Amino acid sequence: PLVALDILFPVLGVIFANLGYGWIVPFLPLYYKQTFGIPVTTVGILYSAGSMGYAVLSPFTGRLSDRYGPHLLGCAGAILASISYISLSFQNPIISCIGCVCFPLSTSFMIPPGTAAVMRSVSERTPSVVGLATGIVNSLSSFGEFAGPLFGAILAEKSGFMTAIRCYAILVAGFGVLYTSVFLCRIR
């Protein structure tokens, strides 16, 4: 097959993680300022805490991926991401801010395991193209980063930021359900 099932969902996890980042982050400071009166600096600190958590957690999730494979972590990441994005859409500033800190953490369950799955698969099948595979994964990651702001901005402009957040939460939840269903069927 063109794309092996063992890497399809991990790669989609990388795309979804970056899509969500681009969908939400560019508008987050303005949203918190307008909705809750939270200073933009505070939003930056909250998001930075989540990003720092991503940086610290990623080596551990990468190692867990080495031990247990990428699928368990990818499913957990998609579910955590959907819960985080749903939390962002609450009108309660505390719950929303918890989502702001948690959604970068959810990406550590999708990006390192997804990237490792591709590298492992390619190095086993065609070791001479590991560099090419790395470039492709980075391109797909960038696709999420440029498509996210585009779709997020269009939805936010047409329907409001809350709707944009909720649409992404539904999208990533659907991915999480599909990924988990396929993963559970494969381990039977």
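Where does Ser-87 sit? In this predicted model, Ser-87 has its place in helix 4. With a relative accessibility of 13%, Ser-87 falls under the 20% cut-off and therefore counts as buried. Setting aside the neighbours within four places in sequence, Ser-87 touches Ile-95, Ser-96 and Gly-99.

Helix 4 also has a helix partner. Two packed helices are described by the angle between their axes and by the distance between those axes. Helix 4, which covers residues 70–88, packs against helix 8, residues 161–186, at an angle of about 160 degrees, and the two axes lie 8 Å apart. Any angle over 145 degrees counts as roughly antiparallel, so that is how helix 4 and helix 8 run relative to each other. As for handedness, the crossing of this pair is left-handed.

Which residues make the contact between the two helices? On the helix 4 side, they are Pro-70, His-71, Leu-72, Gly-74, Cys-75, Ala-78, Ile-79, Ala-81, Ser-82, Tyr-85, Ile-86 and Leu-88. Helix 8 brings in Ile-165, Tyr-168, Ala-169, Val-172, Ala-173, Phe-175, Gly-176, Tyr-179, Thr-180, Phe-183 and Arg-186. Sorted by class, this contact is made up of 17 nonpolar, five polar and one charged residues.

Turning to charged pairs, how many salt bridges does the structure hold? There are two, and Asp-66 takes part in the bridge with Arg-63 as well as in the one with Arg-120. In the Arg-63 bridge, the N to O distance is 3.9 Å. Both partners here belong to helix 3, residues 40–68, and they are three residues apart, or about one turn of the helix. In the bridge between Arg-120 and Asp-66, the N to O distance is 3.0 Å. This pair ties together distant parts of the chain, with Arg-120 in helix 6 (residues 111–125) and Asp-66 in helix 3, 54 residues apart.

Taken together, Arg-63, Asp-66 and Arg-120 are linked in a network of salt bridges.

Notes. Residues numbered from 1 in each chain as written. Predicted model: local features only at pLDDT ≥ 70, side-chain atom pairs only at ≥ 80, totals over all residues. Heavy atoms only, no water. Axes fitted to C-alpha atoms, helices over the stretch in contact; angles between N-to-C directions. Helix = DSSP H or I, 4+ residues; strand = E, 2+ residues; numbered from the N terminus. Parallel < 35°, antiparallel > 145°, perpendicular 65-115°, else oblique. Left-handed = near helix turned anticlockwise from the far one by under 90°. Contact = heavy atoms within 4.5 Å. Nonpolar A, V, L, I, M, F, W, Y, C, P; charged D, E, K, R; others polar. Salt bridge = Lys/Arg side-chain N within 4 Å of Asp/Glu carboxyl O. Buried < 20%, exposed > 50% of the residue type's maximum accessible area, 1.4 Å probe, protein only.
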